[in-house]
Amino acid sequence: MNNIYKVLATTAILAMAALPAAAHAQAVPPASIHAGQGNFVNQEKKVVPGTMGYITDYVNDETGKWITVTGRGLGTADQSEIKLSISKNTKIVDATGKKVQLQTIVDQNKAVKAFYSPKLTKSLPAQGSALTIIVQEQDFSAIDGTITEVNDKAILVEGTNLYRDGEETILLHLDPKAKIIAPDGSTLQASDLKTGMSIRSFYGPAVALSLPPQSTTNYIQIQAEAEAPVQEEPAGTNGIITATSDNNITLIGQALETGGVNYVILTVDKETEIVDANGKALTAKALKEGLRIEAHYSQVMTMIYPARTHADKIVVSEVSAPKIEGTIAASDRTSKDQLYINVGSDQSTDNDIILNITEDTQVITALGIESELKPGTKIVAYHSLMMTKSIPAITSAEVILVQADE
């Protein structure tokens, strides 16, 4: 590297030698295992996903309490940016395990590690439920930019700071144990760094006030090269209309393989194509609660819960889903993954029903916060047309809406 600031002030060199590696602030502790409640998911142990960074957005209003964490995934498949709902079950602590107030973290702009449920929406950014927030002892920074000069010990990067406005140029010395991650998640060597590469690099906490500023990096993500734009496949949901109002419908079901979410509010207007299974045109009046439809919409949607977007096309099925309202009751007639429902929440058992809970059952709770399906919980459920002739009848639940406590 012929032009990369060979001559450094003695003080700058000494300062750089004293810089702690950014890895100290970014080391990943063994992730705890969270057993979700109310969704009857596979109970196999899985590593909890996590994101390390700063809280770049904080909402605390009638929609709930939400934070957006921007930084890098702790695992190669984890989110670099994630929007998380904060509930009373979210554990918020410092590195010693002492409880910390979320507002304090926001006010002091502290770095955090956020661990969350693996069940995420496919919106941008992804949304999920926060399990644990750990405040970091050391701060750090990050740059999105391009390598303009390189040697075997340092890189010069020009770009934009991830956490504050404005362009910056910084000389980043490579920690001997620097982790360099390729776009496919594989690990690279320092010798693989080339001029012109687009990267996201984390550095600090200390920065030498030289020209240009200098710091130490131990984590670099190589960004994938921009590809020619391709025709975007529409996202979508195959499910049941659970509510209608004005020009909106609420749809709950299974996201399509091309993308989508399981819970979405769709705007239906004159631009929405509505057809039956044979392609015959229908009007918006055909969209009724309980009806099964397949809706197609853009991959881009709002970042609130539930997601909201415009319906581009809706294919209406002739089959509806029966709806029941009632209270979960304890019963010796149920087995694992079954719920006894006291339909009508009354003293009569003649119309009660047993619901089978499968991996396809969508359990929707207030603000997306996981909740336990236990005796006493009031629900609204949509179920299969296929039912046994036993008393109580047995059928499979497709959608369960957990009602908020009075």
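## Terms and basis

Buried means under 20% relative accessible area, exposed means over 50%, and partly exposed is in between (1.4 Å probe, protein chains only). The model is predicted: local features need pLDDT of at least 70, side-chain atom pairs count only at pLDDT 80 or more, and totals for chains, interfaces and linings use all residues. Residues are numbered from 1 along each chain as its sequence is written, and side-chain values use heavy atoms, with hydrogens and water left out.

## Aromatic pairs

Rings of Phe, Tyr and Trp (its six-membered ring) pair if their centres lie within 6.5 Å; planes under 30 degrees apart are stacked, over 60 edge-to-face, and the rest tilted. The count by this rule is 7 aromatic pairs. One of them is the tilted pair of Tyr54 and Phe140, at 5.3 Å centre to centre with 50° between the planes. Tyr54 belongs to strand S1 (residues 50-61), while Phe140 is in the loop between strand S6 (126-135) and strand S7 (141-150), 86 residues apart. Strands are DSSP runs (E, at least two residues), numbered from the N terminus. Both Tyr54 and Phe140 are buried.

Phe140 also pairs with Tyr163: the centres are 6.5 Å apart and the planes at 75°, so this pair is edge-to-face. Tyr163 lies in the loop between strand S8 (154-161) and strand S9 (167-181), so the pair ties together parts 23 residues apart in sequence. Phe140 has a relative accessible area of 6%, whereas Tyr163 is partly exposed at 22%.

## Cluster and charges

Tyr54, Phe140, Tyr163, Phe202 and Tyr219 form one aromatic cluster.

A charge sits over a ring if NZ of Lys or CZ of Arg is within 6 Å of the ring centre and within 35 degrees of the ring normal. Arg72 lies over the face of Tyr219, 3.7 Å from the ring centre. Lys83 lies over the face of Trp66, at 5.0 Å from the ring centre.

Conventions
Helices (H or I, at least four residues) and strands (E, at least two) are DSSP runs, numbered from the N terminus.
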